[in-house]
Each structure stands twice: as structure tokens, then as C-alpha cells.
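Notebook open. I want to go through the pockets and the aromatic contacts here.

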Amino acid sequence: YPTAPGTILLLTADTGGGHRAAAEALRQALQSRFSGRLVTVVCDPLTGVEAHRALRWTCRRYGPLVRWSPPLWGLLFHATNTTVTLPILRRALTRYARAPIAAALVRHRPLAVILLHPLLVSPAVAARRDCASGAPLVSVVTDLGTAHRGWWHPAVDRVVTPTPALARQAGRHAGTAPARCAALGIPVGAQFRAGPAGPDARATLRASLGLRPDRFVVLVAAGGEGGRRITAWTRTIITGVPDVDVVAVCGRDERTRARLDGLVAASGGRLTVTGFVSNMADWLRGADLLVTKAGPGTVAEAASCGTPMLLAGHLPGQENGNTEITVRAGAARPVRGRRQLRTQVDQLRSDPAALDRMRASAARLGRPAAAADIAELLARLTRPGDLRQAQPGKDRR
Ligand code: UDP
């Protein structure tokens with residue numbers, strides 16, 4: 001068992017922004033809980049430098065694909081999410097991804113391995129067997145309403161889900177006993193723990209972000225990869241609703257950013273455009289309203305910040321059902337098409353009481369302590385004393 005005590009291995013993949021954000025949130029929470037007595041290692045066996053070339057090439061097509069054609073992605077999701085096709089997908093993934101995971105297990109001898117991507121579960125199980133590691137596997141499900149079957153595997157020791165309904169799925173699909181499941185929420189970073197901002201704090205935040213403090217601010221975002229719909233939503237609000245300012249967060253979508261940059265000059269100071277931001281909590285807490293797709297990471301973060309949401313779409317596949325959960329909780333309203341988007345923004349702009357109700361519902365839905373709770377679960381799961389005896393060490397990525 002570990003000769004380098006105190007290492008926790010986080011396996012994630014750079015597909016979308018949600019998996020990476022959850023890994024970072026957990027890394028922060030573990031460092032804070034075990035203050036310097038723990039080393040966290042983040043490994044990306046699908047798209048990182050350690051990945052097999054063929055796998056890296058394939059998985060790096062995820063961003064362009066979901067930007068270009070969400071329905072095509074949905075087709076791929078459903079095609080691989082059946083009892084017939086999943087074993088084929090797993091065999092292929094295991095063939096290419098088990099070696100870098102096994103190498104990380106041998107090199108770091110972790111106390112535990114956290115799985116933050118459904119495509120990594122099966123290769124991690126195989127790699128653990130290959131090198132006879134005793135490290136428990138803990139999967140942290142980063143989907144919300146629907147989860148890909150790849151998440152469920154009987155050999156995983158603990159399954160953390162955002163909702164009890166997904167914990168029950170783990171039982172149905174992989175026979176995971178309820179005692180091995182915990183519905184603790186989606187891990188969000190420490191920056192999201194400050195909770196909702198009152199009117200004064202919102203104004204201060206806006207000023208610090210270069211926005212006009214006294215205006216109604218709508219934040220438009222569509223996950224880490226962005227997408228063309230950001231342009232459509234932004235244009236609709238800027239041209240169709242008076243007296244609102246818009247911040248468009250384009251993530252890694254440089255093309256959309258360039259297109260929207262062209263509208264800034266004509267907007268009379270009403271439009272702010274950014275690329276990938278690393279202070280999402282400030283933008284969310286400073287905004288009156290968020291217009292977004294129903295990405296689980298963004299929904300979890302906005303809920304933690306008490307930001308009311310208009311959900312104007314979702315990625316087919318893993319984001320099915322997210323809108324329903326968020327709308328049922330009273331934290332969001334669904335919008336279909338440009339006319340509804342315009343009407344809803346306009347309505348909420350002139351109805352502060354409705355906005356306050358949504359803000360309170362969002363805050364009730366949020367699980368800002370999820371990452372800290374998962375760190376606690378890990379402390380209980382690893383052998384007693386292992387983490388206490390951990391050597392001081394620095395992070396490696
Ligand atoms: N994100 C960010 N900066 C950006 C755009 C997105 O940090 O400029 C983060 C966002 O805070 C969230 C994640 O990317 O944590 C997006 O996750 P989500 O599950 O909503 O969508 P995905 O990108 O995985 O499709």
C-alpha cells in the first residue's frame with residue numbers, strides 16, 4: 001500500500017468545461033481540508049499529454065463537434081448509451097486509456113482515485129486490476145438529470161451523484177448498494193461559496209468588472225466551449241429589450257467572440273464580450289439574470305450564487321432533464337425561441353419580486369459545500385491515519 005502517502009489522483013478530461021471545473025473544485029477542497037498534508041495529481045488520459053495519440057485526437061474533436069452540431073453529438077451520445085454498444089465503447093477506451101492510468105497508479109501510488117468522466121470509469125477499473133492497486137475508486141458524477149451509462153460500474157467503490165435519482169440509477173445499472181452512493185451535489189469551486197450578492201454587493205461587483213453598476217445586467221454563457229447560440233441570444237436581447245446591458249462569455253469559442261466583438265462599438269456601451277473567464281463566480285454574482293444552456297456545471301454554480309436563470313437550450317444527451325430539475329426548483333424558466341427569450345428578459349427586468357423569488361429558489365437548489373463534503377467522504381474512505389500521516393507536498397498537474 002502507498003509508499004508516497006497522501007496522494008489523491010483525479011482523473012478527468014478536457015471535454016467541455018464541467019469536468020475540468022469539478023476536478024479543480026475538488027482539488028481546492030482537498031487542499032483546504034488537508035492543508036498541505038496531501039498531494040493532488042490531476043491526470044487527463046483522454047485529451048492530455050499522457051493520452052494515447054488516437055484517443056487524444058478523437059476526444060479533442062468534442063469541442064468543435066458540440067459547437068458545430070449539437071444534434072450530431074446527441075446522436076453519438078445515444079448510440080453509445082445502450083447495453084449493446086456500451087461494452088464495445090468500453091473495450092476501445094480501455095485498450096487506449098488503461099496504460100496512462102496504470103502508469104499514474106504505479107508512479108503516484110494514490111490513497112484514492114477520483115473519476116470525473118464517464119469514459120474513464122472502465123479504463124480505471126482495468127488499470128487498477130493491472131497493477132494490483134488497492135486504491136478505492138470514487139466516481140463523482142458531473143451530469144445532473146441524465147447520466148451516460150459509462151458512469152455505472154460494479155467495481156467502483158463509491159459513487160457521488162448530484163441527486164438521489166441518479167444514485168438510484170447506479171443501483172439499477174451496476175448493482176451499487178445505496179450505502180456506497182452519496183447524493184452530495186456537483187462540486188463547485190470555493191469562489192462560489194460566497195452565496196448570492198445583495199443589491200449593493202452586486203453594484204460593487206459590476207463596477208469591479210468594468211460594468212455599469214446601476215444597469216440591469218444579463219449574463220449570456222454556453223459552457224466552456226461556447227457556441228453559435230451565444231450570438232443569437234445576445235443579438236436578441238440587445239436589439240429587442242431596452243435598458244439592459246449584456247455580458248457575453250464565449251468560453252473557448254474564439255469565432256463567436258470575434259463575431260460579437262464586432263457588435264460592441266454599435267451597442268452604445270451595452271455589450272461586453274469576453275473569452276474564457278476564470279472568475280465566473282464574480283460574473284454570476286454581479287448579474288441580475290443568466291441566459292444559458294442547461295450545462296450541469298453552470299447550473300450548479302449559478303444556483304450556488306443565487307443567480308436566476310433562463311434556460312434557452314441544452315446539449316442533447318447528457319444535459320436532457322437538467323432544465324426540468326432547475327425549473328421545478330423555481331430557479332429557472334425555460335425559453336424556446338427568440339420571441340420567448342425577449343419577452344422573458346423584459347418581464348423579469350420589470351418584475352423585481354419575481355426575480356427575488358427565483359434568486360431565493362436558486363440559492364436553495366445550490367450545493368456550494370459539495371466539494372468540501374466529497375473531501376470529507378474521502379477522508380472517511382481512505383484508511384484511517386493515511387491522510388493524517390501524509391507528507392507535506394505540493395500540487396502536481
Ligand atoms: N467556464 C469558465 N469560464 C468560461 C466559460 C465557462 O470557467 O469562460 C466554466 C463554467 O464556470 C463551468 C464550466 O465551464 O464550470 C461549464 O460547465 P457546463 O457543465 O455548464 O458545460 P460544459 O462546458 O461542460 O458543456
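Which helix gives the largest share of the lining of the second largest pocket? I looked it up in this predicted model: α2 does, with five residues.

Next I checked the rest of that pocket. The second largest pocket holds about 610 Å³ of space, and 24 residues line it, with Cys59, Tyr62, Trp73, Leu89 and Leu119 closest to its centre. Helices α2 (53-59), α3, α4 and α5 (85-108) each put at least two residues into this lining. By class I get 15 nonpolar, seven polar and two charged residues.

Tyr62 belongs to α3 (62-68) and Trp73 to α4 (70-79), so the pair ties together parts 11 residues apart in sequence. I noted both Tyr62 and Trp73 as buried.

A ring contact of another sort: Arg61 has its charged end over the ring of Trp57, 4.4 Å from the ring centre.

Then I went to the largest pocket, at about 870 Å³. I count 46 lining residues there, and the closest to the centre are Gly17, Gly18, Ala21, Gly223 and Gly224. Helix α1 (18-33) gives at least two residues to this lining, as do α3 and α12 (296-304); the largest share, seven residues, is from α1.

Definitions and conventions: Residues are numbered from 1 along each chain as its sequence is written. This is a predicted model: local features need pLDDT of at least 70, side-chain atom pairs count only at pLDDT 80 or more; totals for chains, interfaces and linings use all residues. Side-chain values use heavy atoms; hydrogens and water are left out. Helices (H or I, at least four residues) and strands (E, at least two) are DSSP runs, numbered from the N terminus. Buried means under 20% relative accessible area, exposed over 50%, partly exposed in between (1.4 Å probe, protein chains only). A charge sits over a ring if NZ of Lys or CZ of Arg is within 6 Å of the ring centre and within 35 degrees of the ring normal. On a 1 Å grid over the protein atoms alone, a cavity is a set of points where a 1.4 Å probe fits but cannot get out, and a pocket is an open set with protein on both sides within 12 Å along at least five of seven lines; lining residues have an atom within 4 Å of a point. Grid points are joined across faces, edges and corners, and a volume is the space filled by probe spheres set on the points. Ala, Val, Leu, Ile, Met, Phe, Trp, Tyr, Cys and Pro count as nonpolar, Asp, Glu, Lys and Arg as charged, and the others, Gly among them, as polar.
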